[in-house]
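This report walks through a two-chain model, one chain at a time and then where they meet. Keep the coordinates open while reading.

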Amino acid sequence: MNKKEIKQTLLNSNLNKIITVGLLVALILMVAGFLVNAARNNVALDIEELEENTLGLKELYNTLKSTGNSIIFLLSYLGIFILILVPVAGVIFTLAYFTSRKNLKLSLISTGVLLILILSAVIGFIRI
Amino acid sequence: MLIFLYLFLIGLAAGLIGSIIGIGGGIIIVPFLSLALKVPIHIAIGTSIIAVLMTSLTASRIFLKKNTTNIELGLTLEIPTTFGGIIGSIAVAYLKNKVLFIIFGCFAISAGIFTYFKNTYFQNKNQRENITTTQEINTSKDSIFDSKYYDETTGKAYKYKVKNVLYGSIASLFAGLSSGLLGVGGGVIKVPAMNIFMNVPIKVATATSNYMIGITAVVSSIIYFYNGYINPFITIPVVIGVLIGATTGSFTAEKLKSSQIVIIILTIFIAIGILMFLRAFNVIAY
């Protein structure tokens, strides 16, 4: 096995760890939030009445303000949000990895991907 | 509470079928949610993209462990893919339901045809290409994308040389667009593009595509999340179902794979496509 292959193995194994931890945390939060809400009979879903754009950030804020179970409700959202952030953490790690090994091309590519991810967050926020 | 059982079962079926035939579950989740459970299509797509993200991350863990994923290539192709994802996610808010149903119908039929070829033609082609590529790599200079992988089925390591990155980038742009627009992974575009245009072995293409799908899904997810298209009460049961289905499917995939099953899946996808067309033109209400 040559040097390049060893580096790739280290990168892959560390990415694997990041994904595993992120998945576990996200899953625990999502399931916990859902089950606690279900146990308290707070889970009500009427698809017939479901409208598009019912759970935007503004509505989420109002829901959190008006409910006594805001923290528990928030767990489900937090779980989904952490799940979304797992690949972002992977890209940040990859960027740090290539930068530490002075691999300019791949550092620039990783930076490009990260910037586009940030851009999507900005676009999403602007469109609220 | 029965509705959550249905949502869970849809996720379970999507995860199971998806892992058996090697696609994300999005193409199954969106039609089931929108046609069978009457979930608004924008929310169905939002749910699907989170399920696709979960499937991608779960599968990526396995591929990263085996060192099959080409991260350098994946990250490079992610730049056009994420751009496509942004465009698709923004466009979805301006498209009418009818148009979305039509686009999804076309995509489902194309995906069915791809799945058929992936499990027949591409696998045979891959065996031949690996031998050629291993010989070529010794006489040509390595690029940052060239790599090698270990094939468990043959017990051999194969080197491969990546070419035509530009063509792959164009295909990736369309894959990102479909992901943002329809809530699917886009692997049905990326995998054959990498294999045919870029000389990437099918197993590496599948692993790299899986890694990319996770990052692309982030772009769409953030925009869908902000726009209120992700409802946790719908998403969580589906995601849990997908996770269990995909895990179960990955253990049974090898035993179940056969040309007959591929033909059945092809029929299901074409049926989904036709149903989406019928829904678009109000031939079926729901």
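## Chain A: burial and fold

Chain A has 128 residues, and 27% of them are buried. The model is predicted, so confidence is treated below.

The secondary structure of chain A is four helices and zero strands. Read from the N terminus, the order is α-α-α-α. Take the contacts in chain A with a separation of 6 or more: 70% of these link residues 24 or more positions apart.

## Confidence in chain A

The mean pLDDT of chain A is 76. A score of at least 70 is reached by 66% of its residues.

Which elements of chain A have the lowest and the highest mean pLDDT? The lowest belongs to α2(A), at 56. The highest belongs to α4(A), at 87.

## Where the chains touch

The contact between the chains involves 50 residues of chain A and 49 residues of chain B. On the chain A side, the elements that give two or more residues are α1 (3-39), α2 (57-66), α3 (70-100) and α4 (104-126). Helix α4(A) gives the most, with 14 residues. That helix also has the highest mean pLDDT among the elements of chain A.

How does the chain A side divide by class? It has 31 nonpolar, 14 polar and five charged residues.

## Chain B: overall fold

Chain B has 286 residues, of which 58% count as buried. Its secondary structure comes to 10 helices and two strands. From the N terminus on, the elements run α-α-α-α-α-β-β-α-α-α-α-α.

Now the contacts in chain B between residues at least 6 apart in sequence. Of these, 82% join residues at least 24 apart.

## A covered helix: α2(B)

Helix α2 of chain B spans residues 26-36 and is mostly covered. Nine of its 11 residues are buried. The buried set is B:G26, B:I27, B:I28, B:I29, B:V30, B:P31, B:F32, B:L33 and B:S34.

Just after α2(B) comes B:K38, with a positive phi of about 60°.

## A helix pair: α4(B) and α6(B)

Helix α4 (residues 71-94) of chain B packs against helix α6 (residues 165-182) of chain B. The angle is about 30°, and the axes are 6 Å apart. Are the two helices roughly parallel or roughly antiparallel? Angles under 35 degrees count as roughly parallel, and α4(B) and α6(B) are therefore roughly parallel to each other.

The crossing of α4(B) past α6(B) is right-handed. By class, the residues of this contact are 13 nonpolar, 14 polar and no charged.

## Two asparagines with positive phi

B:N67 is not a glycine, yet its phi is positive, at about 60°. B:N67 sits in the loop between α3 (41-65) and α4 of chain B. Is B:N67 buried or exposed? The cut-off for buried is 20 or more other C-beta atoms within 10 Å. B:N67 has 20, so this residue is buried.

B:N199 also has a positive phi, near 65°, and is a residue other than glycine. B:N199 is in the loop between α7 (187-196) and α8 (202-226) of chain B. Its count is 19 C-beta neighbours inside 10 Å, so B:N199 is partly exposed.

B:I196 belongs to helix α7 of chain B. With 17 other C-beta atoms within 10 Å, B:I196 is partly exposed.

B:K159 lies in strand β2 (residues 156-160) of chain B. B:K159 has 17 C-beta neighbours inside 10 Å and counts as partly exposed. B:K159 and B:S147 are 12 residues apart along the chain, and their C-alpha atoms are separated by 5.9 Å.

Terms used. Residues are numbered from 1 along each chain as its sequence is written. Chains are lettered from A and ligands numbered from 1 in the order in which they are written. This is a predicted model: local features need pLDDT of at least 70, side-chain atom pairs count only at pLDDT 80 or more; totals for chains, interfaces and linings use all residues. Two residues are in contact if their C-beta atoms, placed from the backbone, lie within 7 Å. Ala, Val, Leu, Ile, Met, Phe, Trp, Tyr, Cys and Pro count as nonpolar, Asp, Glu, Lys and Arg as charged, and the others, Gly among them, as polar. A residue is buried if 20 or more other C-beta atoms lie within 10 Å of its own, exposed if 12 or fewer, and partly exposed in between; C-beta atoms are placed from the backbone. Axes are lines fitted to C-alpha atoms, for helices over the stretch in contact, and angles run from 0 to 180 degrees between N-to-C directions. Angles under 35 degrees count as roughly parallel, over 145 as roughly antiparallel, 65 to 115 as roughly perpendicular and the rest as oblique. A crossing is left-handed if the near helix is turned anticlockwise from the far one by less than a right angle, and right-handed if clockwise. pLDDT is the predictor's confidence in each residue, from 0 to 100.
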